[in-house]
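Reader: I have a model open and want to learn how to read it. Where do we begin?

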Amino acid sequence: MLAQQVCSLLGKGCGSSVGRVVRHSVTGVRNLANQPNPATQSEDEPAKYDSHEISRRDYRFIFPEFLPDPKPEWRNALAEKLVRQDMLNRRDQIEIPEFYVGSSLSVTVSDKNSPHPNKVSRFVGKCIDRGGTGLRAWFTLRNVIEGQGVEFMYQMYNPTILKIEVLRLMRSIDEDLYYLRDAPPEYSTVPFDLEAEILPEGAPVPIDDTVVALNPRPWNRNWDKHIGIVYKGYTISDMYPTPGKCRRMSRYMAENMAGWQMQTLKYDMMRDYRNTIPAEEQDAIWEEVADKLETRDSQMRKVAAKRAFIRPTKKL
């Protein structure tokens with residue numbers, strides 16, 4: 001009976017859903033949440049849609065590193081403006097494409113210790129996490145090579161990075177994929193000879209809803225405390241192998257305990273407010289950098305189209 005109560009608590013989940021991201025040019029992004037509300041608009045008043053403003057409101061999903069850290073003690077308007085200019089200048093030097101957690105990437109960096117004649121090193125892996133703001137933005141790739149898990153953490157605007165290429169654009173249902181460390185290797189393996197898959201214009205970004213079956217204990221983290229609450233992308237075959245595990249989980253999920261509080265985080269509006277940049281500041285930032293981002297995005301798409309074109313061979 002006790003195990004059933006714990007299972008019912010774990011099965012509730014956080015109730016959040018993954019938004020539908022559409023793969024298209026930056027100038028074509030639309031946020032339906034910013035459109036006029038028919039219930040509050042009079043019949044005689046015509047609908048007003050500012051497509052330019054609406055498209056730029058969704059840049060926070062494609063270029064999240066351009067938004068500063070929301071902590072007030074770390075804010076500095078002049079420093080943030082200079083950092084954004086440095087980020088745009090760096091984007092003029094290399095291609096930094098659109099990608100999400102769950103995408104397969106290829107990163108080429110300059111390495112003086114590389115055996116390659118040009119002193120470059122290339123790594124292919126699945127993006128398991130990304131974060132940071134400004135020039136401190138980072139992302140982590142994971143791959144399994146000869147049965148050994150290998151992870152590289154890259155600073156997105158590091159001058160040693162020569163090329164970032166998206167091989168398979170996907171979006172995970174979880175914010176990070178650290179549980180792949182305790183999963184079978186086939187979920188983290190990405191072939192080094194994987195060809196880049198280019199999605200057609202207007203196609204939605206595929207959502208990777210694969211549910212991973214974790215390996216038996218021991219784990220790097222207590223994943224049984226986060227299943228259905230923080231993460232939805234894995235399952236555990238033997239949740240409570242011993243009665244002691246069941247009792248500890250029951251105490252963890254009891255009222256006012258840590259597990260109970262984790263389930264109530266989605267209702268904490270002040271927490272969301274503190275972790276969010278106001279919409280007015282976001283609009284000012286996108287107004288500052290959007291023109292260069294749109295120009296660079298169109299150039300990158302032309303180059304990608306040329307790479308995807310296969311010249312037909314003449315039959316004799």
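Author: Begin with burial. Buried means under 20% relative accessible area, exposed means over 50%, and partly exposed lies in between (1.4 Å probe, protein chains only). Accessible areas come from the Shrake-Rupley method with a 1.4 Å probe, and for residues only the protein chains shown count as cover. R91 is buried, at 6% relative accessible area. E65 is buried too, at 2%.

Reader: What should I know about the model itself?

Author: This is a predicted model: local features need pLDDT of at least 70, side-chain atom pairs count only at pLDDT 80 or more, and totals for chains, interfaces and linings use all residues. Residues are numbered from 1 along each chain as its sequence is written, and side-chain values use heavy atoms, with hydrogens and water left out.

Reader: What share of the protein is buried?

Author: Buried residues are 39% of the 316 in the protein. Its accessible surface is about 19,200 Å², and carbon and sulfur atoms hold 54% of that.

Reader: How many helices and strands are there?

Author: Helices (H or I, at least four residues) and strands (E, at least two) are DSSP runs, numbered from the N terminus. This protein has eight helices and nine strands.

Reader: How do I read a sheet?

Author: Strands of a sheet pair through backbone hydrogen bonds, either parallel or antiparallel. Two strands count as paired if DSSP finds at least two bridges between them. Here five strands form an open sheet, in the order β4-β3-β2-β1-β5, with antiparallel pairing. β4 and β5 are the edge strands, each pairing on one side only. Take β3 and β4: eight bridges join them.

Reader: Now salt bridges. How many does the structure hold?

Author: A salt bridge is a side-chain nitrogen of Lys or Arg within 4 Å of a carboxyl oxygen of Asp or Glu. The structure holds twelve. In one of them, E65 meets R91, with the closest N and O atoms 2.7 Å apart. E65 sits in the loop between α3 (59-62) and α4 (77-93) and R91 in helix α4, so the pair ties together parts 26 residues apart in sequence.

Reader: Which parts does the bridge between K81 and E288 tie together?

Author: The closest N and O atoms of K81 and E288 are 3.5 Å apart. K81 lies in helix α4 and E288 in helix α8 (residues 279-308), so this pair links parts 207 residues apart in sequence. K81 is partly exposed at 40% relative accessibility. E288 is partly exposed at 24%.

Reader: And how do I read a nonpolar core?

Author: In soluble globular proteins, nonpolar side chains tend to be buried together. A nonpolar core is a set of buried Ala, Val, Leu, Ile, Met, Phe, Trp, Tyr and Cys residues joined through side-chain atoms within 4.5 Å. The largest one here has 33 residues; F66, F139, L141, Y154 and W286 touch the most other members. Its largest share, five residues, comes from α8. Another core lies apart from it, with 24 residues, among them Y178 and W223.

Reader: Which residues is W286 in contact with, leaving aside its neighbours within four places in sequence?

Author: Contact means heavy atoms within 4.5 Å. With those neighbours set aside, W286 is in contact with R56, Y59, R60, F63, F66 and L67.
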